[in-house]
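Biologist: I would like to learn how to read a protein model. Could we go through one together, feature by feature?

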Amino acid sequence: MINEKTAVDAKKNNFKKGLILLAVIVIIVAAVASKGSEFKDVSAYEGLEDSEKQKEKKSISKHKEIGEQVKIGELNFTVHGTKVAESNEFRKPSEGNQFLYVDLTVENKGSKQAQMTSIMTFSLVGKDGKCYNIVLPEEEESLNGLLESGDKMRGKVCFEVPENTHEFELEIKPAVVKAENVIIDIKAEEVTDIS
């Protein structure tokens with residue numbers, strides 16, 4: 001009986017030693033993993049609320065109107081107008097929807113060529129917050145391809161939207177890493193024939 005009790009005590013001691021050893025290993029690994037990383041000063045987070053307000057002000061000031069030239073990185077974008085259509089050369093919209101074409105020019109002011117991909121660059125959002133996708137396949141006048149330094153490209157981007165929605169925001173978000181998005185406000189009274 002004493003041998004059984006001694007064996008059980010030995011197992012408990014071995015288990016405790018194993019847990020302590022595991023804890024020590026975890027602490028050592030954590031210390032090694034964090035070696036070289038810098039701790040950030042908490043004061044860097046002071047005034048965070050103020051910086052959020054500044055971001056909000058910046059985003060409000062980034063709203064532009066049709067006809068205004070917008071510079072994002074090395075690219076200049078100009079929305080010339082919009083048009084509504086019941087179909088395009090490939091398909092018709094779903095019941096209760098229509099196609100909204102946005103006529104744009106993109107100019108490369110940089111010294112290197114730029115890749116334009118409309119599906120990655122443009123998105124359309126209704127005033128209700130709903131996002132509308134670019135209609136695929138895109139037509140011949142789409143804004144896709146290489147844009148050499150100094151060149152301009154004019155084309156149309158097509159979105160499928162509800163017939164009863166008349167106010168939109170066209171978001172331009174080029175692939176420039178540090179560039180901020182710009183929003184072009186599109187209102188019902190600005191929908192014009194761009195043929």
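Biologist: Is cysteine 131 buried, partly exposed or exposed, and why?

Modeller: Keep in mind that this is a predicted model. A residue is called buried under 20% relative accessible area and exposed over 50%, with partly exposed in between. Cysteine 131 has 44% relative accessibility, so cysteine 131 counts as partly exposed.

Biologist: What about cysteine 158, and why?

Modeller: Cysteine 158 has a relative accessible area of 8%, and therefore is buried.

Biologist: How many disulfides does the structure hold?

Modeller: The number of disulfides is zero.

Biologist: Let us turn to the sheet. How do strands of a sheet pair?

Modeller: The pairing goes through backbone hydrogen bonds, and it can be parallel or antiparallel. In this model, an open sheet is formed by four strands, in the order 2-3-4-9, with antiparallel pairing.

Biologist: Which strands stand at the edges, and why is one side of each left without a neighbour?

Modeller: Strand 2 (69-72) and strand 9 (152-162) are the edge strands; each has a single partner strand, so one side of each has no neighbour in the sheet. From one strand to the next, the twist averages 30°.

Biologist: How many bridges join strand 2 to strand 3?

Modeller: Four bridges join them, and strand 3 covers residues 75-85. To follow the pairing by eye, find valine 70, which stands opposite phenylalanine 77 in strand 3.

Biologist: Is phenylalanine 77 buried or exposed?

Modeller: Phenylalanine 77 is buried, because its relative accessibility is 1%. As for distances, phenylalanine 77 and glycine 67 are ten residues apart in sequence, and their C-alpha atoms are 9.5 Å apart in space.

Biologist: How many residues of strand 9 are buried?

Modeller: Nine of the eleven residues in strand 9 are buried, and the strand is mostly covered.

Biologist: Last, the surface. Which residues make a nonpolar surface patch?

Modeller: Ile119, Met120 and Leu136 make a patch of about 300 Å². Leucine 136 lies in the loop between strand 7 (131-132) and strand 8 (144-147). Leucine 136 counts as partly exposed because its relative accessibility is 43%.

Technical notes: Residues are numbered from 1 along each chain as its sequence is written. This is a predicted model: local features need pLDDT of at least 70, side-chain atom pairs count only at pLDDT 80 or more; totals for chains, interfaces and linings use all residues. Side-chain values use heavy atoms; hydrogens and water are left out. Two strands pair if DSSP finds at least two bridges between them. Helices (H or I, at least four residues) and strands (E, at least two) are DSSP runs, numbered from the N terminus. Axes are lines fitted to C-alpha atoms, for helices over the stretch in contact, and angles run from 0 to 180 degrees between N-to-C directions. Patches are made of residues with over 30% relative accessible area and no salt bridge: like charges are joined within 9 Å, nonpolar side chains (Val, Leu, Ile, Met, Phe, Trp, Tyr) within 5 Å. Accessible areas come from the Shrake-Rupley method with a 1.4 Å probe; for residues, only the protein chains shown count as cover. A salt bridge is a side-chain nitrogen of Lys or Arg within 4 Å of a carboxyl oxygen of Asp or Glu. Buried means under 20% relative accessible area, exposed over 50%, partly exposed in between (1.4 Å probe, protein chains only). A disulfide is a pair of cysteine sulfur atoms within 2.5 Å.
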